[in-house]
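Biologist: I would like a close look at one part of this model. Please keep it brisk.

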Amino acid sequence: MTNATAVEAVIFDMDGVLIDSEVVYMNRLRWFVRDFLGKQVPEERLLTMVGATGNGHFEAVREYCPPDWDIEVFRSHYREFGKDKPIDYPGILFPDALPALEWLKGHGYRTVLATSTVREKAEEIKALCGFGAYMEFVLCGDMFRESKPNPEIYLQCLELLKLPGEKCLVVEDSPYGIEAAVRAGIPVAVRRERRFPVDQRGADWYIDSLAELPGLLTGGLK
């Protein structure tokens, strides 16, 4: 595709797109396994959690956990570990996020959020960071049987928007999200990640900032 001038609605992922959380989550998981379990997790294992749900976080480090741990035991210990290490979500909000959303609103674009994050946490983050007011609706990973790369979350977006895929644009960062959007038949713009290696192949466009969205949507960015 050469441009996105036919787009009427923009569907945002949250982690790695609106908030700079992927590095934060990787480090927290690294520290949990190191400090709580006394083990070191290779970088390539941590990278598998980028764009994943909480289940994906467990799967990334499962082999380093005691053999009798299941996902619920992991979550319990991980929550306890993080109690005195709260994440400053407003502090990791990308500075280009709210201006981009304001521009989209001012120019008549519909905006929605489709995140693998569970509903309770997504609601907390969007309230703290202030982008909830721009979202027509929010879909979260725990609302579906399978999260990304299953395309169900994006197919549900199309159904609620009552738009075909070619009238929408997904903004993603992770391989799971890119695959989900492609399988749903929606064009994808990816926020490039240059700090660590992550597979971002398969997108239609690559941007370094959400400030590039106006140019993409109006034909000024090819």
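Biologist: Which side chain does Glu172 join in a polar contact? Please take in the surroundings too.

Modeller: First, the ground rules. This is a predicted model, with residues numbered from 1 along each chain as its sequence is written, local features needing pLDDT of at least 70, and side-chain atom pairs counted only at pLDDT 80 or more, while totals for chains, interfaces and linings use all residues. Side-chain values use heavy atoms, with hydrogens and water left out.

The partner is Lys148: its side chain and that of Glu172 are joined by a polar contact of 2.8 Å. A polar contact is a pair of N or O atoms within 3.5 Å; within protein, one must be able to donate a hydrogen and the other to accept it, and residues adjacent in sequence count only if both atoms are side-chain atoms.

Glu172 sits in strand E4, residues 168–172. Helices (H or I, at least four residues) and strands (E, at least two) are DSSP runs, numbered from the N terminus. Glu172 counts as buried because its relative accessibility is 0%. Buried means under 20% relative accessible area, exposed over 50%, and partly exposed in between, with a 1.4 Å probe and protein chains only. Lys148 is buried as well as Glu172.

The two side chains also form a salt bridge, at 2.8 Å from N to O. A salt bridge needs a side-chain nitrogen of Lys or Arg within 4 Å of a carboxyl oxygen of Asp or Glu. Side chains of opposite charge can pair when their charged atoms come close. This pair links distant parts of the chain, 24 residues apart: Lys148 is in the loop between E3 and helix H7 (152–161), Glu172 in strand E4. Asp13 joins Lys148 and Glu172 in a network of salt bridges.

Next, the contacts of Glu172. Contact means heavy atoms within 4.5 Å. Neighbours within four places in sequence aside, Glu172 touches residues including Asp13, Val17, Tyr154, Ile178 and Arg191. By the rule that leaves out such neighbours, Leu210 is in contact with Val17 and Arg191, among others.

For comparison, look at other salt bridges; the structure holds 20. Glu136 and Arg110 meet in one at 2.7 Å, N to O. Glu136 lies in the loop between helix H6 (119–129) and strand E3 (138–140) and Arg110 in strand E2 (residues 110–115), so the pair ties together parts 26 residues apart in sequence. Glu136 is partly exposed, at 44% relative accessibility. Arg110 is partly exposed too, at 26%.
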